[in-house]
Amino acid sequence: MLLSVENLNVYYGQAIHALRDLSFTVREGEIVSIIGANGAGKSTLMWTLVGLLKPQTGTITMEGKKIRPVPHLAVAAGISLVPERRRLFPNLTVRENLRLGAYLRRDRGEILEDEEKIFSLFPVLKERLGQYAGTLSGGQQQMVAIGRGLMSRPRVLLLDEPSLGLAPLLVEQVFRAVRSIAASGTTILLVEQNALEALGIAHRAYVLEVGRIVLHGPGRDLLDDPAVRAAYLGVGRRAERLLER
Amino acid sequence: MAYAEAIFLNSAIYIIAAMGLAVFTGYTGLFSLGHAAFMAVGAYAASILTYFYRWPFLPALAVGVVLSALASFVIGYPTLRARLRSDYFAIATLGFGEAVKVILENFDLTQGARGLPGIQKLTGPGNTTLLLVLSIWLCRNFLRSSYGRRVIAIGQDHIAAEMIGIPLLPNQLLSLGISAGFSGLAGGLLAHYTTFIQPSIFSMDLSSLITAGVVCGGMGSLTGPFVAVTLFVVIPELFRGLALWRLVFYGMLLVVIINWRPRGLFGYEELSVRNLPKLFVIMGITLGLTMATVVYKALVRANAYEAAALLAALGAMGAIALLVSLLGRGVSRLLEPVVPRVRGAWQEAFARFVRLLDPLLGTMGRKRRPRAVVPGEDGDGAVGGEDTLLRILGLRKSFGGVVAVDGLDLEVERGEILGLIGPNGSGKTTVFNLMSGVYPVDGGEILLAGKNIAGLSPPDIVTAGVARTFQNIRLFGSMTALENVTTALRGGADYSLAEAFLRWPWTVWKDEARLREETLMLLDLVGLADQADRTAGTLPYGLQRKLEIARALALRPRLLLLDEPAAGMNPREAEDLVDLIRRVHDGGRVSIILIEHHMDVVMSLCKRIAVLNFGRKIAQGSPYEIQSDPGVLRAYLGEKVNVAVR
């Protein structure tokens, strides 16, 4: 078991119980998706996994080793978050943003190698190396964010809504990139509103409702589940067609 | 006794100044380092009137208040009109403060650097208490009024504020004027308490003390500055007995406060039963410090070791602070059920009293101005007699060398929902920003019902009938959902500024009730009625988007610009949003331009879609035509997408 989470409870203040007794696991090499409505606690979960929020109870372990809820320790343990809405350093260049992703690493040669890997994943970034990240288009910014996340050489990459605000063509590109990142051996934990794509790409998926996991199983099975379809896929004919494919 | 009175008067005077400043700095976020200058204006004006002209005290103070407020326009108008940002504005006020000092030093009437000695001692506990209570009441009334809400909105997000039709300059000047007025009042009181003033008293140190009170107390609170300033005045006095340890303790305390409450003692909150314990903790620490000094002094006098005395003092302090804090928790729990009932009873009694006076005062209100015409409802079809609501001709905009919008032509029929799609960076949001006046237009025309709105100020564009939402959600985060929408209501409140200050029941109450009702209807429309009193910033993302739509609708637009309303929603939620937009569209009473990447949403709402790429329109037509256009597929949709038209 690469990443495992047990009985996680997170509160905002005293009133809001955002995550309730959450437990789940991610195996090496998997793509695991988490879907759920707005406010279900998906981003809260991501923030908790990297130590930005402190759980009241519960443990997060990487290969059996417990991780203290401190962001740089989480990164050092091999967890890296590509946050919702990207959160780049807008006044730094693309190269500087990428290099900061490798902040904890000291192996300069390999950092350069990893940079090249990112360029082969997103060739457009190589052309934009000296440009300020804040002046890139939304799609390019998302590529930088994913690149920055990869630069710490994570064992598991957390992606929080990577398709948010992207044109359909770019959504396609981003998911293609996610697949190839997974294929090259990095485990992926994906949170998405685009439930169709998220379930389509996932080996396994969890459904989150009001801070609880209510359902879990292989991505394709959840796509076929009538309850999931009613709640997250809508009744659009597009979903039907995707299922027929 | 005289000692206690001195502490009280000192605190009260600085509290008045700090609460006044809170109305400006606390809510608009603009820092002032020159408010001592306004205290000086008030002090000199009042003193000269009582000293040379033998005026009675209160009228002299009133003149000081008015002159201070007027003086604030001298610095406020040029700086705020130039939109100086926070830090530059602070420097400008700093310069202003020094300039006023120099003027006073070289002016005959003020007797130059010698100052005015022998002012009558007219400030006493009685009139100071009265003025303090009055100041609190006035500040609170202002902030709860529609005028105050506008100021708060500007402080929260000035772009969003402009986009709902709030002009920045007059509202910022108003709050600056109010803060200067209260500083003037404090200055007048100070002069007639110390009986001697000279220009050097009104130094930057004094300005920073007041500003520090606002910051440590909490930006966005009146209670905060009140408590913080009291501490500033009281605590150094308490430490007097600690001799050399005094400054160490004072410094430690400030560090503790800032660590414990990085957003100030009270943040955005006012005093309530719920945060009563917080006040008790502060009181406990203060009391503890008092005891600590007493214990320390006694032990030193009894020839104890210094270290032992210090330890005992610290122990005493901790014990008392803990006791009082626990007491606060108890009191809060005890009062929790009682307070709402008492408040309800009081409000009912007061309402009855108001009704009793109704025949006498109810008719006294000014003549109501006619309500603004609601564009969505007026028969504007007459203009030009055409079906085109919006016609954009040759619109151009470039940033540096990058052409963002390149000769765009676009039309929106009356009652239509037009879809605007295109790759990221194709200029869609820039078009919205040009239409709503965020950026000046480089060229071209934007004709709304035949009238060119290109180049108008954002509030004028709102008046013309265009409202928008934002891709990155721009709500007034610390206001409630209700207040967010109320602030935007077209026409706004119907009462005058004077009535707002007095919270005049016959106008303010009635009008606020009406605004609340209108707001609740809008919240109900977007399905947020049950969240009305929740702080907007704590709402989940999807609900924030809906709240933004409600806020835009409050402006009664005839053209609504929605910028990616379905971003961050799953397909199911996006379907709900489609229903919501249909309700908002209301059979064509409101025309809509919709920027959206969720193709399901676009295809099911829009009969006509325009596609942008590199700032140009590359295609336009029905959903079917768009989906079969090879250029669109290549630039935007990709191969695999084709969406059923419902």
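**Confidence**

The predictor gives the complex an ipTM of 0.76 and a pTM of 0.84. Chain B averages a pLDDT of 88. In that chain, 94% of the residues score at least 70. Some parts of chain B stand out, as the table shows.

| Part of chain B | pLDDT | Note |
|---|---|---|
| Strand 8 (residues 591-595) | mean 97 | highest among the elements of chain B |
| Helix 11 (residues 246-260) | mean 74 | lowest among the elements of chain B |
| Residues 372-384 | under 50 | 22 contacts beyond four places in sequence |
| Residues 641-646 | under 50 | 14 contacts beyond four places in sequence |

Where pLDDT is low, the predicted coordinates should not be read in detail.

**Where the chains meet**

In the model, 26 residues of chain A are in contact with 27 residues of chain B. On the chain A side, helices 6, 7, 8, 10 and 11 of chain A each give two or more residues. Helix 7 of chain A gives the most, with four residues. By class, this side of chain A has 13 nonpolar, nine polar and four charged residues.

**A helix pair in chain B**

Helix 2 (residues 35-51) and helix 3 (residues 57-81) of chain B have axes that come within 8 Å. The axes cross at roughly 145°. The crossing of helix 2 and helix 3 of chain B is right-handed. Helix 2 of chain B brings residues including B:Phe38, B:Val41 and B:Leu49 to the contact. From helix 3 of chain B come B:Phe57, B:Leu61 and B:Leu67, among others. Which classes make up this contact? It has 12 nonpolar, five polar and no charged residues.

Key: Residues numbered from 1 in each chain as written. Chains lettered and ligands numbered in written order. Predicted model: local features only at pLDDT ≥ 70, side-chain atom pairs only at ≥ 80, totals over all residues. pLDDT = per-residue confidence, 0-100. Contact = placed C-beta atoms within 7 Å. Nonpolar A, V, L, I, M, F, W, Y, C, P; charged D, E, K, R; others polar. Axes fitted to C-alpha atoms, helices over the stretch in contact; angles between N-to-C directions. Left-handed = near helix turned anticlockwise from the far one by under 90°.
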